[in-house]
Amino acid sequence: MMTTDTQPADWKRLGLDGLAFFGRISASISHELKNFLAIFNEQAGILEDMALFAEKGGELRIERLKTLAGNMQAQVKRADVVLGHMNAFAHSVDTPEADVDAAGVAALVLALSRRLAACKGVALTISEPGVSLPVRTSPFFLQNLLFLLLWRAVEGADASRSVRVSVAPGQSAVLVRFGGMTRAAVSAPADDRETGLLAMLGAELRRDPDGALILVLPEQPVASAWC
């Protein structure tokens, strides 16, 4: 069932919704980074306690120091990954149209959404094709649309509480499949935000018999979609 809206995109609405999306993701990233800072602060406090203990003649436990150093290095690596995602997300607004790897964009949106989904008790997994699937599109608004569909899947997750996303090549298109949803969530009509972005990107939204949403992204933008 095709649900692409044939009406022109409402640019003002898309812009306002896009700002809301940017703010929501940015706030989530900031919460995640604050968690890292809290862990660093806690571990620095332990180091300080150990130093004070040693100054008073206590034994400095080298193995404990090594463990703390390892934990801090692991947290730095995790924070660096989050900052990398934040950097990629921020630069998605640099150009209105670009050639992007659809699988890479989908993976980024999942990474950015994983903490929000976990707050809802839903796990996110993605199956990538292992090859680049290029599409020419608006990187930011593609992320916005993928997030909306992903969030529909999260809020309509079935009993497995696991939303599974896969990306595969189609006929002059890339297919992004969202599984792990209730049939009610799959069959619900696209809302105004989804239909606006579908029209803008020249994309389609389909349902498959197994109960999943499939986003069909054209490899090249539909000329009328950008007017």
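1. Contact here means heavy atoms within 4.5 Å. Helices (H or I, at least four residues) and strands (E, at least two) are DSSP runs, numbered from the N terminus. This is a predicted model, in which local features need pLDDT of at least 70 and side-chain atom pairs count only at pLDDT 80 or more, while totals for chains, interfaces and linings use all residues. Residues are numbered from 1 along each chain as its sequence is written, and side-chain values use heavy atoms, with hydrogens and water left out.

2. The buried residues of α6 are covered by elements including α1, β3 (134–137), α4, β6 (204–208) and β7 (212–218). Helix α6 (residues 192–201) has eight of its ten residues buried, so the rest of the structure largely encloses it. Buried means under 20% relative accessible area, exposed over 50%, and partly exposed in between (1.4 Å probe, protein chains only). The buried residues in α6 are Glu194, Thr195, Gly196, Leu197, Leu198, Ala199, Met200 and Leu201.

3. Helix α1 (residues 11–55) packs on helix α3 (residues 102–119) at about 75 degrees, and their axes are 10 Å apart. Axes are lines fitted to C-alpha atoms, for helices over the stretch in contact, and angles run from 0 to 180 degrees between N-to-C directions. The two helices, α1 and α3, are therefore roughly perpendicular (65 to 115 degrees). Arg24, Ile25, Ser28, Ile29, His31 and Glu32 of α1 meet Leu112, Arg115 and Leu116 of α3.

4. Rings of Phe, Tyr and Trp (its six-membered ring) pair if their centres lie within 6.5 Å; planes under 30 degrees apart count as stacked, over 60 as edge-to-face and the rest as tilted. The count by this rule is eight aromatic pairs. Phe21 and Phe140 make a tilted pair, 5.6 Å centre to centre with 50 degrees between the planes. Phe21 is in helix α1 and Phe140 in helix α4 (residues 139–155), 119 residues apart. Phe21 is buried at 6% relative accessibility, and Phe140 is buried at 9%.

5. Phe22 and Phe89 are stacked, with 4.9 Å centre to centre and 20 degrees between the planes. Phe22 belongs to α1 and Phe89 to helix α2 (residues 62–91), so this pair ties together parts 67 residues apart in sequence. Phe22 is partly exposed at 29% relative accessible area, whereas Phe89 is buried at 1%.

6. One aromatic cluster is formed by Phe21, Phe22, Phe89, Phe140, Phe141, Phe147 and Trp151. The charged end of Arg24 sits over the ring of Trp151, 4.6 Å from its centre (the rule asks for NZ of Lys or CZ of Arg within 6 Å of the ring centre and within 35 degrees of the ring normal).

Terms used. Parallel < 35°, antiparallel > 145°, perpendicular 65-115°, else oblique.
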